[in-house]
Amino acid sequence: MNQNEIKVFCPATVANISCGFDVLGVALDSVGDEMIVRKVSKKGIQITKISGQDLPKETLNNVAGVAGNAFLLAADYDGGFEIEINKKIKPGSGIGSSAASSAGAVWAMNHLLGNPFNKTELVEFAMEGERLASDVAHADNVAPALFGGFTLVRSYNPLDIVTIPAPSELYITIIHPQIEIKTSDSRKILKTTISMEIGIKQWGNVGGLIAGLFKEDYELIGRSLEDHIVEPIRSILIPGFNEVKKVSLEAGALGSGISGSGPSIFAFSKGKETALKVGNVMKSIYDKIGIAYEIHVSKVNTEGVKLL
Ligand code: HSE
């Protein structure tokens, strides 16, 4: 590869992490897409190749193209970029497929131009890809995809991203049922107001989870993985959700919930052995249900999009 072309890994992400709807997310180490981005003299963004999934190549219909356009609009650069995407994360999976493409595109372009923008600015560009994918420019997938580790969107306006350390023995197990749930659809069914009583429970858990991650207090992390707002509504869309969660906790998981807008279900465990065991019990439920699935067991990715 020449210096005008780079290949990057774009991590999958778990957004919301139970209690933090639209504000919390974490990047996965061993699950993600690959992208080749090339600096060219022709202005604009061209998606020249997509493998792995059937997705639109037209710039304005592709999240990488839209995020890339937002980047180009702000950049002091006269040329353009070509993008090749090797899509390994299925769209509608709940593990940040659109975020991986949006974040990967803007990170790679920034790298090729000598890093004129900081990561928070890159998050703003990548959020435009999320706006195309889900009608809302949420940052809880693109922030961890770009920063790595756990991130908190403390504020959207102005955008304020806080990075949170990942406990060294924390493992994430994901079951990805092979059904598609569009984020835009699963947002439409949510209520727009909550009671004070529910609010108190929810922000107690957000604070508890953040404190648990900083203190490496695995029990506190587990106790805080509760969602009183979104999970009761969205879980109805996910076959076997309650059973998967139940057996995961019985197998030793610290906690479990919906990954992003689903259908993937995540569980946090202390140690790889428990995380693998959790994967096995998740499998047993889906084998009974008879829906195809993929299982991922991963550590936390601590650097975000990276060069390959
Ligand atoms: N916070 C977003 C949602 C994440 O739950 O709708 C989508 O992956």
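The legends below describe close-up views of a predicted model. Local features need pLDDT of at least 70 and side-chain atom pairs count only at pLDDT 80 or more, while totals for chains, interfaces and linings use all residues. Residues are numbered from 1 along each chain as its sequence is written, and side-chain values use heavy atoms, with hydrogens and water left out.

**View 1. The largest pocket lies between domain 1 and domain 2.** Domain 1 (5–165 + 303–307) and domain 2 (170–299) both contribute lining residues; the bounds come from an automatic or database domain assignment. A pocket is an open set of points on a 1 Å grid over the protein atoms alone, where a 1.4 Å probe fits, with protein on both sides within 12 Å along at least five of seven lines; lining residues have an atom within 4 Å of a point. The volume here is about 610 Å³, taken as the space filled by probe spheres set on the points, which are joined across faces, edges and corners. The lining holds 35 residues, with Pro-91, Gly-92, Ser-98, Ala-133 and Thr-183 nearest the centre. Two or more lining residues come from each of α2 (97–112), α3 (119–134) and α5 (183–188), and α3 gives the most, four. Helices (H or I, at least four residues) and strands (E, at least two) are DSSP runs, numbered from the N terminus. By class, the lining has ten nonpolar, 17 polar and eight charged residues (nonpolar: Ala, Val, Leu, Ile, Met, Phe, Trp, Tyr, Cys and Pro; charged: Asp, Glu, Lys and Arg; polar: the others, Gly among them).

**View 2. The second largest pocket has a volume of about 360 Å³.** Its lining comprises 18 residues, and Lys-191, Thr-193, Ile-194, Ile-229 and Val-230 are the closest to the centre. Helices α6 (196–215) and α8 (231–234) each supply two or more of the lining residues; α6 has the largest share, four. Eleven of the lining residues are nonpolar, five polar and two charged.

View 3. Most peptide bonds are trans.

**View 4. Ile-17 and Asp-22 have positive phi.** Most residues other than glycine have a negative phi. Ile-17 has a phi of about 45° and lies in the loop between β1 (5–15) and β2 (24–40). Asp-22, with a phi of about 70°, is in the loop between β1 and β2. Ile-17 is buried at 0% relative accessibility, and Asp-22 is buried at 13% (buried: under 20% relative accessible area, 1.4 Å probe, protein chains only).

Key. Buried < 20%, exposed > 50% of the residue type's maximum accessible area, 1.4 Å probe, protein only.
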